[in-house]
Amino acid sequence: MTLYTLQNLAYLLLSLASLGAVGLFLFLYLRRRNKLRRWHCLFPILAIVVLAWSIRMLYVNYVIYDLYNKAVRPPRSCYVEDLRLTPRECAEDFREITGIVSRYYEPLAHHKGIDLELLHATYRDKVAHVRDAREYALLLVNYFASLENGHTHPFFSDYRPEIKVKMRNDSLYVIANMDKRMSLKPRDVIVAVRGIPAAQCIEQQMSRVSASTDAARRQEAAMQVLRSYTDSCLEVTVLREDSFFNTMLPLYDKVERLDRLKRLMEGKDSLQLATRREIALTDLPQSLAAVLREDSIGFIKIDHFRGRSAEHFRQDYQACRHLPYLILNLEDNGGGLQENVNAIAACLVDRDVRLEDIPIRCDSTLRYTGKIFVLMNTFTASAAECLVACLKGQSNVTVIGQRSAGDCGSWAYNFRTRHGLEFKLATRPPFLLPDGKTLSEGVGIAPDIETRVSLPWEKEESLAQALFLIECNKCERTEE
């Protein structure tokens, strides 16, 4: 039996006892009115007060339980062409969505200077003129993007290519191609999509991106230029060395992408014998990986904080904790579970810290005593930002990279309308991070040392900076 169930049972029994006490007094009052004294009236008044308090606590517990279910309930995404709503149902659905947003998002909207009443009135007019559910769904994407939060978006599936791109200076570079049907190569530059220049496409896409800062919105928009909610292919113009050519880029649904991912994982069975640290090093240029091995520098890359990530970290940490330097790579880490962050942070913080009302306890038996270099970028978000916030400011920690995504305190819940449309909505007001000056929402954590975005075939700017600082520290220790 859970603590929640025990609490509710106690409140329910207390409510019944109070109700019984009131009923008993009424019975005695009707039967023996002459024998009652005035001070006897205190008993039913006290019982009514206890009854009201018990009912209120039952309601509060229900709200907490309801929100907890909204947080853990797995959402069900859909494609926009699968929606079956009439224009009238679209209007009803949007009224329900705006009611939920007005109730839960008001503190965040006030912080961001968003007038929810004006925003809702504007989009209600637009929804009133939609012709079908497809138009309504695309309109909802823009509406949720207008709320300017990385944890706030509808659950619509999209079609994606099997290539990876990276943006720098509004240019889209191909960094990997997993699609055998495509002839694209790393270092190719996508200069246009459907005949529109890539930089212009990024600007257009920004109105559809849910993000908490402008920098994160631009980076995410660049990733979404080659995705679509409705199309299964895109025509792109590619620059390779000094020549241009056009090609059709196929886009795949989530089932096709999952099948391909399973095939890739089956081909990596041989890597299961290696440690995760060794696997992480394989993503680096061989020269840098060799330096890390030879100099006995700890290197741990955390891709996310879901599932057993804390357990995996601790296994790798045991192999690195005795080393004088530790590089913790949180680049492209989109977050996960707060409890995993707490477990990892306990090994790395040099003192107890608090994230608003969440205490992070320092584990003195496992505490790392060497120097820590944290790598992050614009895609470091949510729970990953929480870990950076806990570490930044320590005397033995240096944060290197680009400013983070800016939404580490949102606490989003999954909602579903009566018409079956699902969306995620941030609900927690912004709060100050442990440094006492950076807000958890809409700002992003600034690195101690800022580096530019590097492409895979270039020198890893953030990692190279960390290695340079380590060499400088070694020289200082030698001189001493």
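Trainee: At roughly what angle do the axes of α7 and α8 cross?
Mentor: In this predicted model, the axes of these two helices come within 8 Å of each other. The angle at which α7 and α8 cross is roughly 115°.

Trainee: How far apart are the C-alpha atoms of G150 and S212?
Mentor: G150 is found in the loop between α6 and β1 (153-154), whereas S212 is found in the loop between α7 and α8. G150 is partly exposed, because its relative accessible area is 26%, and beyond four places in sequence its contacts are S210, A211, S212 and D407. Although G150 and S212 are 62 residues apart along the chain, their C-alpha atoms are separated by 5.3 Å.

Trainee: Are helices α3 and α6 roughly parallel or roughly perpendicular to each other?
Mentor: Helix α3 (residues 87-104) packs with helix α6 (residues 133-145) at an angle of about 15°, and their axes are 11 Å apart. In this pair, C90, D93, F94, I97, T98 and V101 of α3 meet A133, Y136, L140, Y143 and F144 of α6, and α3 passes α6 in a right-handed crossing. Since angles under 35 degrees count as roughly parallel, the two helices are therefore roughly parallel.

Trainee: How many of the residues of helix α14 are buried?
Mentor: Helix α14 covers residues 383-391 and is mostly covered, with A383, E385 and L391 among its buried residues. What covers them includes β9 (325-329), α13 (338-348), β10 (353-355), β11 (358-360), β12 (371-376) and β13. After the helix comes G393, whose phi is positive, near 100°. Of the nine residues in α14, the number buried is nine.

Trainee: What is the phi of N169, and what is the phi of R187?
Mentor: N169 is found in the loop between β2 (163-168) and β3 (171-177), and R187 lies in the loop between β3 and β4 (189-193). N169 counts as exposed because its relative accessibility is 70%, and R187 is exposed because its relative accessible area is 51%. Neither residue is a glycine, yet both have a positive phi, near 55° for N169 and about 85° for R187.

Trainee: Where in the chain does pLDDT stay under 50?
Mentor: The chain averages a pLDDT of 85, and 85% of its residues score at least 70. Confidence is highest in strand β13 (residues 397-401), with a mean of 97, and lowest in helix α10 (residues 276-281), with a mean of 52. Where pLDDT is low, the predicted coordinates should not be read in detail. The stretch where pLDDT stays under 50, with two contacts beyond four places in sequence, is residues 268-275.

Trainee: What share of the chain's residues count as buried?
Mentor: The secondary structure of the chain comes to 15 helices and 16 strands. Among contacts between residues at least 6 apart in sequence, 71% join residues at least 24 apart. Of the 480 residues, the share that count as buried is 45%.

Key: Residues are numbered from 1 along each chain as its sequence is written. This is a predicted model: local features need pLDDT of at least 70, side-chain atom pairs count only at pLDDT 80 or more; totals for chains, interfaces and linings use all residues. Side-chain values use heavy atoms; hydrogens and water are left out. pLDDT is the predictor's confidence in each residue, from 0 to 100. Helices (H or I, at least four residues) and strands (E, at least two) are DSSP runs, numbered from the N terminus. Contact means heavy atoms within 4.5 Å. Axes are lines fitted to C-alpha atoms, for helices over the stretch in contact, and angles run from 0 to 180 degrees between N-to-C directions. Angles under 35 degrees count as roughly parallel, over 145 as roughly antiparallel, 65 to 115 as roughly perpendicular and the rest as oblique. A crossing is left-handed if the near helix is turned anticlockwise from the far one by less than a right angle, and right-handed if clockwise. Buried means under 20% relative accessible area, exposed over 50%, partly exposed in between (1.4 Å probe, protein chains only).
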